Amino acid sequence: MTPDTTPNRPPIVIAVVDDDEAVRDALTVLLETAGHRIHTFASGPALFEALDQVEVDVVLLDMRMPEIGGLELLEPLGRAAPDAGVVMITGHGDVPMAVRALHRGAVDFVEKPFSDTRILSAVERAAELAAGRRARRTRRDEARAILARLTPRETEVMSMVSRGLASKQIAGLLELSPRTVEIHRQHVMAKTGAGSVAELVRMVVRAELADPAQG
Amino acid sequence: MAAAGAALAFLLAVSGLTARIDLLLYDLAARAWTPPPEEAIPDHIGSDSGIAVVAIDETSLARMGRFPWSRRFYAGLLDGLAAEGVRAVAFDIIFNEPQSDDTGADAAFAAAIERFGPVVLPVLDPPSPQGRPVPPLALFVEHGALTGRVGFIADADGVVRRLPRATDRAAAPVPPMLTQVLLEAAGGAGHSPDGDLVPFSARSRILVLPFAAVLEGRVEPGLLEGRLVLVGATAPGLAPTFATPIGGSAERLPGVLVHAHMLQALRAGVMWRRIAVAPHAVLSAAIVAAIVLGFGSIGASVALSAIVAPALIVLAAMLLQIQGVWFPPAPALVAATVCLVAWTTLLGLEMQRRAAAERARAAMTLRAIGDAVIAVDAEERVDYVNPAGAELIGWESHLAQGRAVAELFRLETRGAVVTSADALFAMTDGTRTRLVDRRDRRHEVEVSSARIVDESGRPAGCVVVLRDVTAQDAAARRLRRSEARRQELERELQHAARVSTMGEISAAIAHELTQPLAAIASYAAACRRLMTSDDAAARERLAQTLPKIAAQAERAGDVIRGLRRLFEKSRPVRERLDLAVVVREALTLATLGADRSLAVRMDVEAELPALRIDRVQIQQVVLNLVRNAIEAMAGRKAQHLTLRLRREAAMVAVDVADDGPGLSADRRARLFEPFSSDKPGGLGLGLSISRSIVEAHGGRLTAGPGESGGMLFTFTLPAGTAHDA
């Protein structure tokens with residue numbers, strides 16, 4: 001049933017948001033045939049209700065919908081599913097709006113009626129992006145968890161070390177003895193498991209990264 | 001004009017340019033008019049003037065032999081005259097040389113002179129201007145003879161009118177005239193004359209006696225008592241003759257008679273005088289000014305100017321005869337005449353100018369007039385054709401002139417050709433006929449002819465006015481065609497409005513079409529993938545998907561069919577149709593692509609009759625009303641569109657109601673006017689066309705406020721009768 005799916009890759013979870021039932025159904029048939037997992041929604045609010053239970057990789061969002069259009073859904077969607085890659089589906093003459101959507105964080109836009117290759121490649125690009133975002137988020141969360149284990153004094157010493165200050169300089173700034181600073185430094189390296197100052201710096205940078213969906 | 005005339009009169013009077021004319025007028029005045037004898041007759045005119053002329057006439061010559069005579073005769077005459085009691089004697093006979101053949105004769109005459117007493121002998125004017133006057137023989141003067149001048153001064157025309165003046169000869173003083181000396185010698189008249197003009201009068205009676213008769217004593221006793229006697233020659237050829245005012249040059253008087261006339265006047269003291277130059281000039285100027293001003297106020301006329309000249313002359317004559325003053329009228333006469341001639345000339349020019357202007361105005365009117373005007377003379381030949389006429393008949397004006405009317409054009413009345421001018425002239429009141437012009441073109445014309453008669457009532461021709469009404473007829477035909485054309489136009493407009501409406505909703509329709517197309521494309525792509533799989537589930541899915549493709553294609557087709565029906569430009573076709581179906585189709589089309597917040601409700605009363613209507617037209621009305629309603633509600637959170645089909649008496653009514661903001665009463669009033677749209681880009685024709693469609697169906701389209709604050713449009717259609725069904 002899923003001939004395109006490579007065995008070592010999990011299926012892409014796609015949310016289709018379109019008010020036209022025929023379009024929803026047709027996209028479901030096409031994308032399932034391509035080996036993806038599909039959830040369909042007739043409107044934006046219907047999608048948001050489901051996001052608690054389902055983690056989606058890609059959202060296919062119809063630009064022209066009653067009540068709340070696709071463009072208006074982009075921002076709340078960025079908060080509710082920050083990693084998901086959003087592909088806008090536009091009707092005739094909606095290209096300027098689609099471009100505006102790209103500026104607001106959409107990955108791509110596809111004009112109706114579309115070919116299967118065009119929609120599938122857009123879905124795959126969005127899924128890759130989503131995967132990348134998810135990986136970065138995971139690493140950041142790990143780094144933050146490690147750094148959270150340090151005491152306040154250790155955190156102070158760590159930030160100075162990561163900025164490249166020598167122990168004597170740190171001791172002068174913190175009005176501590178160089179010996180005390182050296183003890184804190186050893187604790188930091190032990191707690192974070194960093195093998196070198198360079199590794200420590202990389203961990204701090206990861207932890208300070210901004211939200212992936214917004215960067 | 002008056003000033004110029006006065007100045008001219010003044011100049012003429014001062015310069016003397018008109019002196020010759022005045023001399024003629026003087027003679028006329030002197031002899032042509034005399035006062036009646038009873039009143040104020042000066043005694044010189046009476047039969048007895050106290051003067052006698054002893055004439056050396058032909059009878060005397062016959063009795064006494066050839067002249068010159070011996071001076072003994074004169075001595076004898078003097079003695080005879082003395083015996084008759086004559087007071088004084090003057091001789092107009094020359095005695096400046098001694099008598100050569102009889103030495104005693106001069107002495108005898110001298111002795112007779114001395115015996116008689118007052119005897120005057122002539123002094124001759126000098127033979128040349130530089131010479132001296134020639135006196136009589138000294139012997140006679142020594143014996144008491146007086147001397148006086150006998151030469152007369154003639155005026156420029158050779159006529160003797162006056163005594164010599166001191167100014168007549170510059171070189172030597174002028175001696176007094178013979179007559180003056182005679183009068184003085186007689187002692188009667190001592191006064192010197194006021195004037196120098198001699199009042200010659202034809203009515204003067206001067207006693208003339210033949211020399212021989214007096215010498216022989218054959219004179220009526222007492223006849224010569226106390227008279228002054230002039231002796232001179234009157235026989236033709238014997239004595240010089242002179243032209244005078246009474247005889248002119250044709251009837252010249254012998255010198256002795258001229259002396260007699262002078263003596264008469266001098267003796268009576270009635271010499272005439274000429275008015276002095278300065279007052280003459282001023283008076284002449286004044287008279288001319290008065291005449292010209294008088295003309296200006298009463299208006300010049302030839303008759304009046306004919307009176308002025310004689311009146312002036314008569315006045316001058318009266319002045320001369322009664323007052324003895326000569327006022328030369330010529331300067332005033334000439335100046336006044338010049339003024340009058342100039343005046344009448346100017347007046348004539350002005351009248352000519354006015355007449356020319358009048359003609360020009362008439363010609364211009366005829367040229368400018370839009371109707372054809374043809375003037376025909378009594379011989380029924382064309383006299384004048386105005387430009388409109390030339391245009392109508394196809395003849396240039398100058399070529400048409402002088403031709404017979406029948407030669408220029410024909411008239412056809414009900415197929416019959418009218419050629420006679422009489423028939424043409426009989427059309428007096430805009431008779432409708434057809435004119436065939438030079439190039440055989442036909443014009444519908446209205447003919448109005450008017451005969452002209454001259455002052456004496458004879459026919460002088462005819463004026464024919466032709467009004468070309470071909471264009472009017474064409475206009476009337478066009479008017480008849482216009483109703484059909486209007487209906488045609490209405491259909492075209494309805495089509496245009498449909499196209500316009502469709503343009504407004506085309507974007508929405510495009511969107512409607514992309515939905516099924518997108519679905520079809522997706523289904524088709526999925527099917528292609530499913531077909532490559534042998535999996536049973538895949539086959540199952542393929543079987544389910546293919547009909548969905550067909551369904552979506554159908555859906556696209558519906559959209560397009562609805563569109564095409566709207567775009568068709570069809571002639572109205574009335575069919576018996578279910579109104580609800582017709583309205584629903586239109587509603588579907590009108591709400592394509594509408595806001596999803598629009599709630600549409602359609603109520604259809606049960607058992608509505610089928611109607612004979614034009615599907616496309618009625619759908620257009622519904623489409624229009626529905627789209628207007630949707631636009632009125634645009635942007636509102638809740639939008640309710642309600643359609644209701646209901647029975648209303650013999651009609652079926654369709655209500656279209658919205659809950660938009662509605663319209664002011666003022667705006668509602670202008671709602672159905674064409675081009676009164678307040679939508680950007682709207683033609684403003686929708687409602688006016690809708691109304692005309694409904695009315696063409698026999699119904700009415702009205703607008704009013706709706707129940708929920710929006711607008712309510714209602715149109716009715718007749719439910720029809722049995723035979724309609």
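**Notes on a predicted two-chain model**

1. Start at the interface. Between chain A and chain B, five salt bridges are found by the rule. Please keep in mind that this is a predicted model. One salt bridge to look at joins the side chains of Glu32(A) and Arg541(B), with N to O at 2.4 Å. Polar contacts can be counted here too. Six residue pairs, both members at pLDDT 80 or more, are in polar contact between chain A and chain B.

2. Which helices of chain A each supply at least two residues of the side that touches chain B? They are α1 (21–33) and α5 (116–147). Helix α1(A) gives the largest share, ten residues. By type, this side of chain A has twelve nonpolar residues, nine charged and three polar.

3. Now the extent of the contact. On chain A, 24 residues are in contact with chain B, and on chain B, 23 residues are in contact with chain A. The two chains bury about 2,100 Å² between them. Of that area, 57% lies on carbon and sulfur atoms. Three residues deserve a label in any figure: Val29(A), Thr33(A) and Arg64(A). Together they supply 22% of the area that chain A buries against chain B, more than any other three residues.

4. How far can chain A be trusted? Its mean pLDDT is 82, and 92% of its residues reach 70 or more. Confidence in chain A is highest in strand β1 (residues 13–17), at 93. Helix α4 (residues 95–103) of chain A is where confidence is lowest, at a mean of 80. Where pLDDT is low, predicted coordinates should not be read in detail.

5. Salt bridges also occur within a chain. Over all chains, the structure holds 41. One of them pairs the side chains of Asp18(A) and Lys112(A), at 3.6 Å from N to O. The partners are 94 residues apart and link distant parts of the chain. Asp18(A) sits in the loop between β1 and α1 of chain A. Lys112(A) sits in the loop between β5 (108–111) and α5 of chain A.

6. A cis peptide bond joins Lys112(A) to Pro113(A), with omega about -10°. Pro113(A) is in the loop between β5 and α5 of chain A. Chain B has a cis peptide bond between Phe67(B) and Pro68(B), where omega is about -5°. Pro68(B) lies in the loop between α3 (58–64) and α4 (71–84) of chain B. Most peptide bonds are trans, and most residues other than glycine have a negative phi.

7. Positive phi values are worth a look as well. Glu607(B) is not glycine, yet its phi is positive, near 60°. Glu607(B) is in the loop between β21 (598–604) and β22 (611–614) of chain B. Asp440(B) also takes a positive phi, near 65°, in the hairpin of β17(B) and β18(B). Five residues lie between the strands of that hairpin.

8. Last, the strands around that hairpin. How many bridges join β17(B) to β18(B)? Six do, and the strands run antiparallel. Strand β18(B) covers residues 442–453.

Conventions. Residues are numbered from 1 along each chain as its sequence is written. Chains are lettered from A and ligands numbered from 1 in the order in which they are written. Side-chain values use heavy atoms; hydrogens and water are left out. Contact means heavy atoms within 4.5 Å. Buried area is the accessible area (1.4 Å probe) that two parts lose on being put together, summed over both. A salt bridge is a side-chain nitrogen of Lys or Arg within 4 Å of a carboxyl oxygen of Asp or Glu. A polar contact is a pair of N or O atoms within 3.5 Å; within protein, one must be able to donate a hydrogen and the other to accept it, and residues adjacent in sequence count only if both atoms are side-chain atoms. Helices (H or I, at least four residues) and strands (E, at least two) are DSSP runs, numbered from the N terminus. Ala, Val, Leu, Ile, Met, Phe, Trp, Tyr, Cys and Pro count as nonpolar, Asp, Glu, Lys and Arg as charged, and the others, Gly among them, as polar. pLDDT is the predictor's confidence in each residue, from 0 to 100. Two strands pair if DSSP finds at least two bridges between them.
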